[in-house]
Every structure is written in structure tokens, then in C-alpha cells.
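Hello,

Here is the structure we talked about. Please open it alongside this note, and then read on for what turned up.

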Amino acid sequence: MTGGRSRTVGWATVAVLTLAGCTAHAPAAPPPHDRGMPAGGLRLVAFDSCDEALRQLRSAAKAAVGPWGLGADAGILPYAAAERAGAVGGAVKDAAGAPSAGFSGTTVHEAGVDEPDLVKTDGRRIVTVSRGTLSVVDPASRRLTGRLVLDPRSEQQRYAGGEANLLLHGDRALVLLPDRWVTAPVAARRRPAPGAAQARLVLVDLAGAPRIVGDYQVDGHLVDARQVGATTRVVVRSTPRMAFPQPAKGTEAQRIAANRAVIDKVTLDDWLPRYQVREGGRTSSGRVGCDRLSRPAGFSGASLVTVLSFDLGAAALGTGDPVTVAADGDTVYSSGPRLYLTNDNRWRLPLRPATRADDSTEIYQFDVGSGTPRYVAAGTVPGRLINQYALSEWDGHLRVATTTGGDRWGGGDDSVSGVHVLRADGARLTEVGKVTGLGKGERIYAVRFLGPTGYVVTFRQTDPLYTVDLRDPVAPRLTGELKVNGYSSYLHPAGDGRLLGVGQEATDRGRIQGLQVSLFDVADPARPTRVAQHHVAQGWSDAEFDPHAFLWWAPERLVVLPVMRPGVTTDRAGGEGARGAPGAEVLALRVGADGFTAVGTIAHPPSLADGAQWSMRIRRSLVVDGVLWTVSDAGLKATGLTGLTTLAWVPMT
């Protein structure tokens with residue numbers, strides 16, 4: 001491939017990209033299968049008045065509405081970012097979210113930018129939330145010291161509306177509870193409006209016995225959140241509160257006309273998100289003001305995205321200081337000073353035939369360095385993102401890896417991937433360089449940007465790992481490529497020019513064979529190699545799609561990740577035996593100069609309270625003062641790092 005070398009092992013390919021001049025080494029003309037469109041060209045514009053906002057929202061919604069309604073009502077269901085995976089060139093430093101001296105943190109995309117997860121620790125306490133209940137464990141005494149039920153409904157409906165996550169700062173925890181659905185009377189033969197979902201945030205004081213000090217509810221679905229210091233930014237996606245008639249007999253044109261008549265009666269209050277705050281024994285409510293609403297050049301009126309801001313060091317939650325964009329959004333990335341929200345235009349497809357412009361992703365940039373978030377710029381890139389790891393800001397530029405062509409959810413004969421480099425130019429994110437032509441006929445499975453280097457994994461039958469040099473943003477270039485069987489869906493730096501990959505082994509024809517953990521040597525970006533592999537036949541891991549389930553403990557060069565595989569059961573003492581649910585274990589591997597050493601596995605006993613087979617499924621691992629803690633719905637287990645000896649079991653049920 002131009003600008004790099006490749007090695008072939010079986011059928012997979014690994015490529016190394018160094019972004020040192022994105023256009024100098026790009027092909028003069030895109031290949032015929034590259035259906036990309038130029039990046040940039042999108043702007044956010046404020047509405048001149050509330051009346052104008054309502055007029056434009058109605059107009060956009062009437063143009064987009066179909067016989068079945070708008071948004072989720074038209075068959076476009078909310079899609080969570082299933083995330084999050086994502087490494088390239090020179091010496092690879094330890095991962096973002098590196099641990100402090102005595103404890104590990106959540107595995108995050110960017111150092112210093114925390115992400116919500118089901119467990120957090122500050123070294124003094126371990127705080128976890130499961131089934132609507134917050135629990136506090138003292139790692140020193142290895143005892144449960146606090147328990148607070150936040151949502152009793154979640155005890156029986158763990159998977160009904162997603163899972164609770166939390167953020168931690170000092171003696172405060174902000175719990176992000178799954179969406180709840182608020183039912184309200186509607187006219188006969190009408191369905192509940194798609195805007196009936198509410199996201200709920202609960203602020204908990206942990207100084208003594210855990211207690212609720214603030215409760216915030218807002219219209220919409222929780223998309224994601226990021227925290228820097230005490231400041232938390234929460235992104236919520238909402239839809240207008242309107243109820244369309246159930247389809248009756250008549251032509252499609254008649255049903256669309258009836259739905260447009262409904263839109264003509266909807267007020268601005270029905271579009272803008274409402275919120276309610278309970279704290280200090282008082283309840284207050286409000287909604288986003290139309291002066292806080294902006295729009296891109298094209299939008300459907302089917303959804304709005306709101307960014308809320310909270311100071312966890314303050315005495316109260318407050319109103320969230322909301323700002324809103326008339327757009328959709330499913331992926332959140334933050335570099336710290338800036339937050340990016342992306343929309344891949346999926347709302348358009350059921351409403352009219354797909355066009356080349358639909359195979360694109362809109363990107364909205366916010367300045368969140370301090371105070372109220374401020375819109376900075378917006379732009380577009382061709383293709384679709386795999387998750388937040390496809391985005392990375394470095395040296396004033398945003399790097400974005402996408403796949404174009406193929407179908408909307410995977411690869412195809414005409415699919416191809418690339419890396420685009422954008423820079424803010426006034427109110428626009430403008431492309432300054434790109435590398436395209438990666439993984440023809442494949443789609444992206446993992447991306448990781450580390451400083452000036454980008455790593456991209458594509459897969460269909462084999463796994464190309466590409467290395468990209470991005471040091472010169474206007475002339476990035478492909479520098480290396482490696483083909484191996486199977487694929488990695490998460491990439492993690494392991495220091496000393498090494499890169500870890502978690503994914504699936506596969507045959508030469510692309511048939512998956514079970515979990516594999518790979519160790520890549522990327523010290524020479526032109527010659528990436530795989531130096532070791534650990535295979536778990538028929539196994540899989542949450543870490544393949546959720547990096548929060550992956551633990552890299554650098555002081556011990558230890559990889560810990562949950563593993564599920566058929567035929568593995570545990571007894572009530574936590575060891576392998578004849579009773580229990582399948583696959584409830586974590587695997588610990590030590591990374592050496594030449595490969596992996598299997599340290600052992602850890603299993604949890606099943607919950608005796610409800611006997612649920614998934615309650616013993618281990619979800620997370622963390623280290624506090626030399627002790628490895630593993631977390632499941634059933635409880636927390638303390639294990640010595642040496643020999644993996646059991647030290648304590650703290651049941652949660």
C-alpha cells in the first residue's frame with residue numbers, strides 16, 4: 001500500500017498510519033468504490049426568535065414525517081453507542097486513564113476525562129451501582145459500609161431500560177439511571193408520544209451513610225456523559241411530545257397528511273426538553289429556552305440533543321444550564337476542553353431513498369473548558385463511525401476514522417475506510433488532510449489514536465491492522481500494515497512500543513473461533529508484528545465492545561478481562577464445579593517481553609437471593625492497594641495479585 005509496508009499472516013491485515021501529511025500521500029482520485037463526500041461544510045445557526053424556531057421545526061418535521069410518524073414512531077429506534085473500542089507508531093505510552101499510585105481508574109479514552117461506569121473508586125472507597133441500588137465497600141476492611149436504593153423498579157428490571165452508571169468526585173456520586181417512560185393520557189386511537197422518555201440523574205452524598213441530595217429528571221434518552229475535575233457534561237437526546245394517529249385505512253398520502261396536521265398543532269413547549277429538580281426539600285421545574293437552541297443547515301425536527309452541565313463540588317445540582325441542538329446524536333467524545341457530538345443521519349433513511357449524502361456523519365464541536373458549553377464549529381465527514389474511539393483531538397486537529405459504502409451497519413463489496421483530519425475554521429470544521437482506501441470490502445472494527453499515530457483495524461475475512469502517521473495534519477500517510485487471522489475490536493497501549501488487542505480469532509474464511517488477546521509490536525510503524533496471542537476457544541468478553549470491562553494494571557503489567565465460554569460453571573464457593581451459570585470468570589494475563597503468561601482465572605459464586613444465572617457474571621475489575629477486586633451483580637471479590645488467592649467475598653444481595 002502507498003506509503004507503508006505490509007506483512008501477511010493468514011488473512012488478517014494490520015495497518016499503521018502516521019498522520020504526518022494527510023493529502024501528500026493520498027491517491028490523486030478516490031477509487032470507484034470510495035463513496036465518500038468532502039468533509040466540512042456544516043454550520044450551526046441560532047434561531048432569530050421563538051416564533052421562527054417553531055416555524056422551522058414544524059417545517060422540517062412536516063417534510064420528514066412518514067405514514068408512521070417521526071423518529072422512533074417511524075421505526076427509527078434510539079440506538080445506544082455500544083462502544084467503545086479503539087492505537088499507532090513509535091513508542092506507545094501507557095493508556096489514558098493511567099492509575100494513580102495505589103488504585104486503578106476506569107479505562108477511558110482520554111487521560112483526565114472520566115466516563116460513567118457501574119463502579120468507581122478513589123482508593124478510600126469502592127462505589128458500585130447495580131439493579132437500582134448504590135453500594136459502598138471499604139477496601140481496607142473489605143466490608144459493605146453503605147447501601148442506598150435509588151430505583152426499586154430496577155431490582156426486577158435490570159435490562160429493561162439500560163443500566164445505571166455513576167461518576168465520582170470527592171464525597172459525591174452522580175448516578176445516571178436508565179431512561180424511564182412516563183405515560184400520560186392520550187386521545188383514543190393514539191399512541192404515546194415518542195418524547196415520553198425521561199433521563200434521571202441522582203446526586204448522592206457519601207460522607208456518611210449514603211443519602212440523596214439532588215434528583216434531576218429531564219425529557220429524553222441519556223446518550224453519554226464526561227467529567228473533568230468536578231465538572232460533568234451530560235448529553236441527552238429528546239423527541240417532540242406529539243402523538244400521531246394510529247394508521248387507519250387510507251392511502252399513504254392520506255396518513256402523511258393526517259400526521260402533518262398533528263405537527264401543525266404542536267407548540268414550541270412540546271419540542272423543547274423539560275426538566276425537574278428536587279433538592280433541599282423543594283421541587284422546581286423549567287424547560288430549555290429557545291435562545292439556547294441552534295440548528296444545522298439540514299435537520300428533520302425528529303430529535304434534539306441537549307448538553308447539561310453540573311458541578312459536583314457545588315452544594316446543589318441546579319438547572320443543568322442546558323444548551324440544545326436541533327439534531328440527532330449517538331456518539332460523544334471529549335478531549336477535555338472540547339466535547340464532540342456526532343450524528344450519522346440514520347434518521348433520514350426510512351423516510352426517503354438513501355443518497356450519497358446520507359453516507360456521512362455530522363460532527364458538532366463544543367467548548368466545555370469552563371462555564372456554559374459554547375458551540376464552536378460543526379462539520380461533516382464521509383461514512384460512519386464505529387464508536388468514540390474513531391475520534392481523537394491532537395494538536396488542534398480532530399482525526400476521524402470512518403467506513404463508507406456497504407450497508408448501514410456493516411461492510412460490503414464496495415465498503416472502504418479512511419482517516420480524515422479536520423480543523424476549526426471559524427464556525428466550520430474543515431478537512432485539511434486524509435488517508436483513504438483502507439480495508440477495501442471490509443469495515444472498521446477498532447480504532448486507536450495515540451498522539452501522532454493512528455491504528456485502524458478492519459475485518460471481513462481477515463484483520464488488517466493499519467498504522468497511520470498523522471504528524472503532519474495536511475499530509476497524513478499510511479506507514480504500515482499487518483494481516484492476521486481474526487480481528488481486534490479494542491486496542492490498548494501497553495508501553496514500550498507494544499499494543500494490546502482484544503477480539504476474536506477466526507479461520508482463513510473469517511469464521512470466528514473464540515476470544516483472542518493479541519500483543520503487537522508497533523515500535524517500528526513500518527513493520528508492525530504480532531508477537532503473541534492468547535486464545536480462549538469459543539469464548540468472548542465484554543471488553544470486546546466495552547473498554548470499561550478491560551483492566552490494564554501497568555505496575556504489574558497485568559491484563560484482566562471478563563471471559564464467557566460454554567461449559568464453564570462455578571460452585572457456590574467461587575471455584576469451578578458442577579453448579580452455577582456458564583462463563584462467570586475473569587482472565588488474568590501477565591505481559592512479558594515475548595508474550596503472555598496466564599496468571600489464572602477468578603470466578604464468583606451465584607446470587608443465593610434470586611438464583612439469576614447472570615448475577616455471577618463478572619462485569620469489572622479494579623486494583624486498590626495491591627488487591628484485585630472483581631465486580632458482579634452478586635457481589636465483590638477481593639483477590640491477592642500474587643497467586644490470585646481469595647481474600648474476601650462481599651455479597652451485594
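Which residues have the most contacts inside the largest nonpolar core? They are Ile-363, Leu-391, Leu-398, Val-400, Ala-401, Leu-422 and Val-447, in a core of 25 residues. Strands E22, E24, E25, E26, E27 and E29 each give two or more residues to this core. Please keep in mind that this is a predicted model.

A second, separate core has 24 residues, including Ala-61, Leu-70, Val-262 and Val-266.

Next, helix H1. It runs over residues 50–64 and spans 21 Å, close to the 21 Å expected. Its buried residues are Ala-53, Leu-54, Gln-56, Leu-57, Ala-60, Ala-61 and Ala-64. They pack against helix H2 (252–265), helix H3 (268–271) and strand E16 (293–295).

The search of the whole structure found 1 disulfide. Cys-50 and Cys-290 form it, with their sulfur atoms 1.6 Å apart. Cys-50 counts as partly exposed because its relative accessibility is 32%. Cys-290, at 12%, counts as buried.

Now the charges. There are 28 salt bridges in the whole structure. Arg-274 sits in strand E14, 55 residues from Asp-219. Arg-274 is partly exposed, at 40% relative accessible area, whereas Asp-219 is buried, at 3%.

Arg-617 and Asp-542 also meet in a salt bridge (2.7 Å, N to O). Arg-617 lies in the loop between E38 and E39 and Asp-542 in the loop between E34 and E35, so the pair ties together parts 75 residues apart in sequence. Arg-617 is buried, at 14%. Asp-542 is buried too, at 7%. Elsewhere, Asp-122, Arg-124, Arg-125 and Asp-171 are linked in a network of salt bridges.

Glu-544 is buried yet has no salt bridge. The nearest side chain of opposite charge, Arg-617, is 10 Å away. Glu-544 touches Tyr-487, Ser-489, Tyr-490 and Gln-504, among others.

Best wishes

Technical notes. Residues numbered from 1 in each chain as written. Predicted model: local features only at pLDDT ≥ 70, side-chain atom pairs only at ≥ 80, totals over all residues. Heavy atoms only, no water. Helix = DSSP H or I, 4+ residues; strand = E, 2+ residues; numbered from the N terminus. Expected span 1.5 Å × (residues − 1). Buried < 20%, exposed > 50% of the residue type's maximum accessible area, 1.4 Å probe, protein only. Contact = heavy atoms within 4.5 Å. Disulfide = S-S within 2.5 Å. Core = buried A, V, L, I, M, F, W, Y, C linked by side-chain atoms within 4.5 Å. Lys, Arg positive; Asp, Glu negative; His and termini not counted. Salt bridge = Lys/Arg side-chain N within 4 Å of Asp/Glu carboxyl O. Lists of a residue's contacts leave out its neighbours within four places in sequence.
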